[in-house]
Amino acid sequence: MASKPHPPLMKKHSQTDLISRLKSRKILGVGGEDDDGEVHRSKISQMLGNEMKFAVREPIGLRVWILISAVGFTVMAVMALVFPNQLYEVVFEEELSMTSISVRLYGGALLSLALIMWNGLYTAEKIIIQWTLLSEACYFAVQFLVTSITLIEIGILPNAAMLLLLSRVLFLVVTMAYYYHLGRKPKKI
């Protein structure tokens, strides 16, 4: 028996066959809406979820606060580096009897914190913003303690130093409020 030659096989191109593509997507479970009303374009996006869910819900004024902090830290750092004696005299109302190296080191530390603030201003990652706020809060707390202990040791209470202490407490409260609000889990609607 002689066998007849078979006709060449026709391959189906699923990209051009719309019905085949729709059936494949339905079997995979993509393309339609899920329980949350989201339409996924691929199985990977369906598994990973929508990245908008992970976007940071920033408290009102957070970026402005970080900008003000970055500018303030930068200005204070430059003042401490360039004019250390004058900065000390303004706060403690007495001349710096020792070398000005300690005030300049303080300026260098402030400049480092200012760089962290500037970085926190331009990032969208929640954890970096939280660490930026926590660094700022730690600085304000340490500065409050160090200035208070120094004023007790000196035995004087200048108005400029009292204003500095009050401002540090206020800045610490504002920074911790933003830190707390940023760390809270969003309420489901």
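This is a predicted model: local features need pLDDT of at least 70, side-chain atom pairs count only at pLDDT 80 or more; totals for chains, interfaces and linings use all residues.
**Colour by confidence**
Start with pLDDT. The protein averages 79, and 67% of the residues score at least 70. Select helix α3, residues 62-82: among the elements, its mean pLDDT is the highest, at 92. Now select helix α2, residues 43-48, which has the lowest mean, 57.

**M76 in α3**
Go back to α3 and pick M76. Show what surrounds the residue. Leaving aside neighbours within four places in sequence, M76 is in contact with L87 and L110. Then draw a distance from the C-alpha atom of M76 to that of Y106. It reads 9.5 Å, for two residues 30 apart along the chain.

**Along α6**
Select residues 126-154, helix α6. Its 29 residues should span 42 Å at 1.5 Å a residue, and the end C-alpha atoms are 42 Å apart, so the two values agree. Buried residues of α6 include I129, L133, E136, Y139, F140 and Q143. Step past the end of the helix to G155, where phi is positive, near 85°.

**R168 in α7**
Last stop: helix α7, residues 159-183, which holds R168. Beyond its neighbours within four places in sequence, R168 is in contact with Y139, F140, Q143 and F144.

Notes
Residues are numbered from 1 along each chain as its sequence is written. Side-chain values use heavy atoms; hydrogens and water are left out. Helices (H or I, at least four residues) and strands (E, at least two) are DSSP runs, numbered from the N terminus. The expected span of a helix is 1.5 Å times one less than its number of residues. Buried means under 20% relative accessible area, exposed over 50%, partly exposed in between (1.4 Å probe, protein chains only). pLDDT is the predictor's confidence in each residue, from 0 to 100. Contact means heavy atoms within 4.5 Å.
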